[in-house]
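This briefing goes through one protein chain, topic by topic. Keep the sequence and the model in view while reading.

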Amino acid sequence: AEVYRTVPAVPPDAETIWTELERNGFDVVVFASPSAASAFARIYPAARLGPLTDHTAIAVIGPTTAHAVKDLGWNPAIVAGQSTMQGLLHAITEHFG
């Protein structure tokens, strides 16, 4: 029996977000699951995002998501020690401390 299904969505303002990312950058892009990283990669592939990651840290909730992000061609700068939202927030805070 199917417990849940992940349905990817493209935000209607994906290009606006991309333009803002190119213009001003972001300090961090956060992924709390491999499926979130995959959905992001469908909209912003590694080849397109590549140069921006020089100035934008990628944060992930744990090792499973870190592995998925690496498979997508990105290098997570922040990996939560505890795979919880609290652990992720702590890791981000420590990184930017």
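The protein chain has an average pLDDT of 86, and 88% of the residues score at least 70; pLDDT is the predictor's confidence in each residue, from 0 to 100. The model is predicted, and local features need a pLDDT of at least 70, side-chain atom pairs count only at pLDDT 80 or more, and totals for chains, interfaces and linings use all residues. Residues are numbered from 1 along each chain as its sequence is written, and side-chain values use heavy atoms, with hydrogens and water left out.

**Confidence by element**

- Helices (H or I, at least four residues) and strands (E, at least two) are DSSP runs, numbered from the N terminus.
- Confidence is lowest in helix H3 (residues 46-49), with a mean of 68, and highest in E3, at 98.

**The sheet**

- Strands of a sheet pair through backbone hydrogen bonds, either parallel or antiparallel.
- Here three strands form an open sheet in the order E1-E2-E3, with parallel pairing; two strands count as paired if DSSP finds at least two bridges between them.
- E1 and E3 stand at the edges with a single partner strand each, so one side of each has no neighbour in the sheet.
- Four bridges join E1 to strand E2 (residues 57-60) in the parallel sense, and Val-30 stands opposite Ala-59 in E2.
- The covered face of E1 holds Val-29 and Phe-31, while the uncovered face holds Val-28 and Val-30.

**Aromatic pairs**

- Rings of Phe, Tyr and Trp (its six-membered ring) pair if their centres lie within 6.5 Å; planes under 30 degrees apart count as stacked, over 60 as edge-to-face and the rest as tilted.
- By this rule there are three aromatic pairs.
- One of them is the stacked pair of Phe-31 and Trp-74, at 5.8 Å centre to centre with 0° between the planes.
- This pair links distant parts of the chain, 43 residues apart: Phe-31 is in strand E1 (residues 28-31), and Trp-74 is in the loop between H4 and strand E3 (78-79).
- Phe-40 and Trp-74 form an edge-to-face pair, with 5.8 Å centre to centre and 70° between the planes.
- That pair also links distant parts of the chain, with Phe-40 in helix H2 (residues 34-43) and Trp-74 34 residues apart.
- Phe-31 has a relative accessible area of 2% and is buried; buried means under 20% relative accessible area, exposed over 50%, and partly exposed in between (1.4 Å probe, protein chains only).
- Both Phe-40 and Trp-74 are buried, Trp-74 with a relative accessible area of 4%.

**Thr-65**

- Thr-65 lies in helix H4 (residues 63-71) and is buried, with a relative accessible area of 2%.
- Leaving aside residues up to four places away in sequence, Thr-65 touches Phe-31, Ala-32, Ser-33, Pro-34 and Val-60; contact means heavy atoms within 4.5 Å.

**Helix H5**

- Helix H5 (residues 85-96) has 12 residues and reaches 17 Å from its first C-alpha to its last, close to the 16 Å expected at 1.5 Å a residue; the expected span is 1.5 Å times one less than the number of residues.
- Gly-87, Leu-88, Ala-91 and Ile-92 are buried in H5.
- Seen down the axis of H5, the buried residues fall within an arc of 135°, so they line one face of the helix; the arc is that of the directions from the helix axis to the C-beta atoms.
- These buried residues of H5 pack against E1, E2 and E3.
- The face of H5 turned away from the buried side carries the exposed residues Gln-86, Leu-89, His-90, Thr-93 and Glu-94.
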